[in-house]
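Please open the model in your viewer and keep the sequence panel beside it.

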Amino acid sequence: MKLLHFPVPVGMACLAIFSRVGHASMFLAATLAALAKPPHYFREFARALVSIGYNSIPIVGLTTLFTGGALALQVFSGGSRLNAEAAVPSIVAIGMVRELGPVLCGLMIAGRVGSAIAAEVATMRVTDQIDALKTLSTNPLNYLVAPRVAAATLVLPMLTAVGDVVGILGGYLVGTTRLGFSSSEYLGTTVRYLESGDIVSGLAKGAMFGFIVAVCGCYCGLNAGKGARGVGAATTRSVATASILIIAANFVMTELFF
């Protein structure tokens, strides 16, 4: 008899998953509609630009600087086994622009900004501020979600570009001070092998990752449970979901581009 009841919890779990996916898909469609239809709250948009973009420059810069330097050391160590030490500048540049720059920026923003968005929106939900917005005939999607999603989608490519430059700079500093490259040789090799398609693909990834981070933060915040525990759970869920989706989207976009 126990075997006959085994499909029940499996079916309930599948139904719960499909229900969550359907709910998230409806939220995504509503978010896209809110981005396209007025009213648009430009003050909230400007505030999100500063919070997501300008305030994230230090953490993105430090992360990519040390990553570029570590990548140069690793490539030199591995290349020395194949007598390919001269490939360090090109591999560091291509690796940063295609993969590491966008992914690191996306993950850093998911941890810093995605969690902040989820916590802010969840707190508003717990304290009934979202219900107050509805009472004032203000659509929460237009006022809370659309400005943050638009700002993150716009700013992430810029942060990715900053991260790419700083990461290449980190590789340059390590290459010229520790690995014996001359400045002109390192920069010449970097420019020679870096193509415009590499840059465009990295910036496109940045835009997609910014969209993912903001949508996950807003969705988890709007669907938070009650109390401080609900706010904390929404924040954790936002970062975890955004990080997984960024890694998955990176694979899909890499397959499409290359």
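Asp128 sits in the loop between α5 (88-126) and α6 (129-135), where helices are DSSP runs of H or I with at least four residues, numbered from the N terminus. Its phi is near 65°, a positive value in a residue other than glycine.

A word on what is on screen: this is a predicted model, in which local features need pLDDT of at least 70 and side-chain atom pairs count only at pLDDT 80 or more, while totals for chains, interfaces and linings use all residues. Residues are numbered from 1 along each chain as its sequence is written, and side-chain values use heavy atoms, with hydrogens and water left out.

Next, move to Ser137, in the loop between α6 and α7 (140-177). Here too phi is positive in a residue other than glycine, near 60°, and Ser137 counts as exposed, because its relative accessibility is 70%.

Pro39 is found in the loop between α2 (7-36) and α3 (42-52). Most residues other than glycine have a negative phi, and most peptide bonds are trans.

Now select Ala24, Cys216, Tyr219, Thr241 and Leu245, which, of the 19 residues lining the largest pocket, are the closest to its centre. A pocket here is an open set of points on a 1 Å grid over the protein atoms alone, where a 1.4 Å probe fits, with protein on both sides within 12 Å along at least five of seven lines; lining residues have an atom within 4 Å of a point. The space in the largest pocket is about 490 Å³. Helix α2 gives the most to this lining, with eight residues, and α2, α9 (196-222) and α10 (227-257) each supply at least two.

For the last stop, select Phe27, Lys134, Leu141, Leu222 and Asn223, which lie nearest the centre of the second largest pocket among its 13 lining residues. Two or more residues of this lining come from each of α2, α6 and α7, and α2 provides the largest share, four residues. The second largest pocket holds about 270 Å³ of space.

Key:
Buried means under 20% relative accessible area, exposed over 50%, partly exposed in between (1.4 Å probe, protein chains only). Grid points are joined across faces, edges and corners, and a volume is the space filled by probe spheres set on the points.
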